[in-house]
Amino acid sequence: MAVEMKLPPVLDIIRGNIVKHGNPLALKGAEVASWAKRLSLPAQGEILFYTGGEYQLVPFIDSLVKTMTHMDQGGKGFSLMMGVRNILDKAGINAEKIYASVLAKDKERFNNVCYKAAVILQELGYDLCYGGEQELYSGALLYELGYWQDLREYGQKVVQSLKQSGAKTIVCLSPHAAEVFKLVYPKLVKGFQIEVRTFVEMVWEKRDKLPAVKFDDSVVIHDSCRLARELGIDQELRDIMESVGAAVREPMRSRKWTTCCGGPGKLLFPEISHKIADRRIGELEETGAGVILTSCPYCLAALQGGTKEGSETGVEDLIEFLYRGFAV
Amino acid sequence: MSGDLQKEFGDYTKNLNRASKDTNIETAISRAVKAYRATVSDAMERYPHTPDLAAEVRQIKTDSIANNDALLQQAMESVERNKGKAFYARDKQQALEIVAEIIGKEKIVVKGKSMLGEELHLREYLEEKGNEVWESDLGEFILQLKHDRPMHILSPAIHVPREQVAEIFSKFFGREVPPDIAQEVAIVKDFLRDKYFKAHVGISSANVVAADTGAMVIIENEGNIRLSTAAPPVHIVVVGIEKIVPTFQESMKVAEVTWRYAQYGVPSYVSMISGPSKTGDIEKVTTYGAHGPREFYVVFVDNGRTTMAQDELFSQALHCLRCGGCMYECPVFQVTAGNFGHTYLGGIGSVWTAFVAGGLEKAAPLLYTCLRCGRCVERCPMQIDVPAMVGELRNRIVNGEEKEIGLDSQAS
């Protein structure tokens, strides 16, 4: 018996964006791949550099949630964070306006995370290829939100696009992509045979080649749930910090006991999500560290959103922090 | 099944948001989380065998759920052999009718805390039938007067501070009750003590049931279970069929793991009740109802549990000991308390809701609230994989229950 239930529209819209546009927010391929212009990476090779468009969409998330919470159609209470392209039809809001409201410096920062990650891996001696505008989002949210039938179909498209690279290994920047490729694809999608690695693992293997990061303060590591619990990667982050000479402080809850940043709740329960981020920031700031380090685009977005104005603690992705060593 | 979940989601979200701004909840839960973590880590140091015992209990529960039909049969036979009466209730309605039939009308009933009682809306049903029913657990008693529902399975009134309790009590008892915890406890003690001895029936649940002896194992601290199950002439146990384990020895292991993770350290009381009160002191003639109840009834409730047991993925939900540990570690629960719930609370509660307390429709908002962050799994002594079950239930909401859409063991 099929269950027909009408879920809040945001979920179906996210689904539609992924299936139709290959990105949860329907960002255009050109936008997603713009960071790579300076590097001219080949489309084929042994190691496929995979962004999944995830860091690129980070600056749009908060702006969209804000707009949609404000809109709060019919006082239903939940945020109708709709995919930009669909908002035009469904709610009469101008998509380009929302895009325009995202600050250029934010877009640049998060696009740069991809650039910096590629440079770091290249400097460590990895030969990378990249799908560019053809790269498709992994579909992790389809899995997360229950659209498994869609993922079965969409996953085939993703597998095809990955195969075109001829790569044996895929290196994922986002732990969510790594999780869905490594743990879910083998159970839902046929023909997925690429070795899945995370950026963190690739760096960890060659950490002795990392340049030192000159940083007078200490860092506190916010383990992402997916990385620490699903993928079992936590000590690697500490080892990497040791290699670059950064002092690490541990929050009250870390590694397998890490506290979620609240990010997964952002689509449907933005207020609760924000509150959770706030509390996690509190746990992290308690350590007195100068920088909160994470290694997940959604943690980065949620924690960045949770920091109070005027707070002296910065939030950085591991990629950004390591790049400090190369940028000298 | 069909339905527009948007209103359901809307009302629920408003409530969740309101809860997250409630300073009572924030203060109470922050204190509770801190205390829970400290007490449990302390208890683990003092009783370092606990994690190994928990692993053993996981196996006991797995085997017991797999063998539930036979154990139920055996447990019912044991209860009857002990001169009690055993019933099997297929669903909620049947369970309520059996209990109401035993009790009748215009009786005074004292009741211990029970999640199953909440699942069945047992108190409300018996009240409708014209009985006077008192919750004897202090937290539940407060909620009964407040017309509220439990916000935590072990500390149901976790969200009500002493000042509010004083207000509620002053109104109910018709005299000024100061916001002093000791005095608040004392006034309820006096009030209920009278009820225990006037009551016609005492109702309790059980944390574990031993099939071989028919023992109902009940863990508590207050002593209200002791009184409600001993003072009235009739004792009715209403218990889920998933609580049955094969032997008395095993039931003790399950009980110890339950209370250890439930922050009891060592509970003040563990009751083991296997039958009616009896004596043979005069001429060795067995006479029932010596000091305790003359009649002893056990209602084993299914209400969807067998469906869960038969599902490869969901049978693990029946391993839940209701220790409540997961809730203290849940980031959503920490800011909303039991508002993230519908009878059953938190991530595991969303799964239970789907099967026994409202179905997928009621469970949907909860299922989409879970962050799937997985910290509950780290805490859970049974290592119940809540994120995996939540994922599959979301899939069922979207795609229905066709098996071929679920995860294969191997697709590639």
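## Largest cavity

By class, the lining of the largest cavity consists of 27 nonpolar, five polar and six charged residues, where Ala, Val, Leu, Ile, Met, Phe, Trp, Tyr, Cys and Pro count as nonpolar, Asp, Glu, Lys and Arg as charged, and the others, Gly among them, as polar. The model is a predicted one, in which local features need pLDDT of at least 70 and side-chain atom pairs count only at pLDDT 80 or more, while totals for chains, interfaces and linings use all residues. Residues are numbered from 1 along each chain as its sequence is written, chains are lettered from A and ligands numbered from 1 in the order in which they are written, and side-chain values use heavy atoms, with hydrogens and water left out.

The volume of the largest cavity is about 550 Å³, and of its 38 lining residues, A:L141, A:H176, A:G263, A:P264 and A:Y298 are the closest to its centre. A cavity here is a set of points, on a 1 Å grid over the protein atoms alone, where a 1.4 Å probe fits but cannot get out, and lining residues have an atom within 4 Å of a point; grid points are joined across faces, edges and corners, and the volume is the space filled by probe spheres set on the points. In chain A, helix 1, helix 3 (54–71), helix 7, helix 9, helix 11 and helix 14 (297–306) each supply at least two residues of this lining, helices (H or I, at least four residues) and strands (E, at least two) being DSSP runs numbered from the N terminus.

## Second largest cavity

The second largest cavity has a volume of about 200 Å³, and of the 21 residues that line it, those closest to its centre are B:C320, B:R322, B:G324, B:C326 and B:I348. Two or more lining residues come from each of helix 14 (325–329), strand 15 (344–345), helix 16 (346–356) and helix 18 (375–379) of chain B. By class, this lining has 17 nonpolar, three polar and one charged residues.

## Interface of chains A and B

Contact, defined as heavy atoms within 4.5 Å, involves 50 residues of chain A and 56 residues of chain B. The buried area, meaning the accessible area (1.4 Å probe) that two parts lose on being put together, summed over both, is about 4800 Å², of which carbon and sulfur atoms give 58%.

Five salt bridges are found across this interface, a salt bridge being a side-chain nitrogen of Lys or Arg within 4 Å of a carboxyl oxygen of Asp or Glu. B:R394 forms a salt bridge with A:E144, with the closest N and O atoms 3.7 Å apart.

## Salt bridges overall

Over all chains, the structure holds 41 salt bridges. The side chains of A:R109 and A:E320 form a salt bridge at 2.8 Å, N to O, and this pair links distant parts of the chain, with A:R109 in helix 6 (residues 104–123) and A:E320 in helix 15 (residues 318–326) of chain A, 211 residues apart.

Conventions
1 Å grid on protein atoms, 1.4 Å probe; cavity = no way out; pocket = protein on both sides within 12 Å on 5 of 7 lines; lining within 4 Å.
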